[in-house]
Amino acid sequence: MNPEGVNKKGSGLGFVLAVWAASRLLYLVCGSILAGVVPTSGFQRVTLDVPSGSMNLWSHWDGEHYVMLALGGYLPPPENVSPAYFPLYPLMMRSFAELFGGPISRETLSVWGPLLSVLFLPFALFFVYRIALDGWGERVAGGSVLALAFFPTTFFLNAAYTESLFLALSAGSLWAIRVRKNLLLACVLAGLASATRNVGVFLVVPLLYEWIKDIDHYRWRGTYLALVPSGLFAYMGFLWARFGDPLLFYSAQEAWGRRATGPLATVSRAWTSAVEGAGKLLDPGLWTDPTLANLANHLAEAGNFTNLTFFVFAVAVLLAGFRDLPPSLTLYGLLLIAPATLFGTPQAPLMGTPRYVLVAFPIFIVLGLLSQNKWLFRGWLLLSTLASLLLCALFVSWRFIA
């Protein structure tokens, strides 16, 4: 794919669909091959996917929780699935499975999760394309879509995770306000995004900015902004009625060791743990036993180094693009990755960062600006795609990525 090919008015949809099809085919096929080549982590033996292969290949880790939520909902402890997982995505998994018939089972739902993620993705790519097209032109729009579709953690967009749905809703919200100038639609989509992930409430920042910028046009319609946190508030109301704690989505994460931490303390621990993680890549044992299993284990154990690398990369890209992006998009991108510095674990202070970066789509618009330098952009795409296949191999072999 080449963003230079995006040069005709109205060709954006065809380009987006081509990128979507090519990228998903790449990861679905390569993921299946890698799962058969890379030895499975011992962690697989204590999961729902026993015997191996009983669940969909792309329903690992958090995907198992969404499958169980779609199957049985939120149950009281100790049978409960953590309320840290928001309801819209598993609700859609269940609804589509019932709509199209067939048994409502763990195995069936583990297929519906990835299927829905793949189906939501072209909407996400299209909205990102149109936002970039409106502000920076066709070349940057094409480059933004390519940068997103082949990012190192883009395989999560065809897994049973919320990334694809959240990206479609959040990018759709900003497309509605920036391109369509429809504040009501933007706020409705933002409300759905906040029912998908709690960080959806951060959409109030760019939406508020757009309302103030065109206040003479929108006037009283600024009241629509109250819809932005509606999904979060609805979920909090459910938790209060069901469990007596509206903040259970936050406190439940303490079971994983996640606690509120200050950014400075996180920076110190992130650096220390990243140095230790980098040491795994320099471990002599990595070279004395050059098997795929040993290589995969060392790469997975270097996770804290990977987390810090993604965090520094994301912040650097957003700051580098500050002069080209409107302040609202830069701030929104930073807000999406900020939780990594505030709610880590002692063992992994920036846990989840490689995945958080994936939905901060202003990053990909900045990367899309690289497409103005053809060779630099092609070099980035090549390195990004190779890194994505390496991380994909870890994911499909039951090794934690983010």
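Is Ile33 buried or exposed?

## Basis

This is a predicted model in which local features need pLDDT of at least 70 and side-chain atom pairs count only at pLDDT 80 or more, while totals for chains, interfaces and linings use all residues. Residues are numbered from 1 along each chain as its sequence is written, and side-chain values use heavy atoms, without hydrogens or water.

Ile33 counts as exposed, because its relative accessibility is 51% (exposed is over 50%, buried under 20%, partly exposed in between, with a 1.4 Å probe and protein chains only). Helix 1 (12-37) and helix 14 (292-301) are the elements that give two or more residues to the nonpolar patch. Helix 1 gives the most, with four residues.

## Cysteines

The count of disulfides (pairs of cysteine sulfur atoms within 2.5 Å) is zero. Cys392 has its closest cysteine sulfur in Cys30, 7.3 Å away, which is too far for a bond. Cys392 is buried at 0% relative accessibility, and Cys187 is buried with a relative accessible area of 0%.

## Largest pocket

The largest pocket has a volume of about 960 Å³. Its lining has 38 residues, of which Gln253, Trp256, Arg258, Arg355 and Tyr356 are the closest to the centre. A pocket is an open set of points on a 1 Å grid where a 1.4 Å probe fits, with protein on both sides within 12 Å along at least five of seven lines; lining residues have an atom within 4 Å of a point.

Helix 2 gives the most to this lining, with four residues.

Technical notes. Grid points are joined across faces, edges and corners, and a volume is the space filled by probe spheres set on the points.
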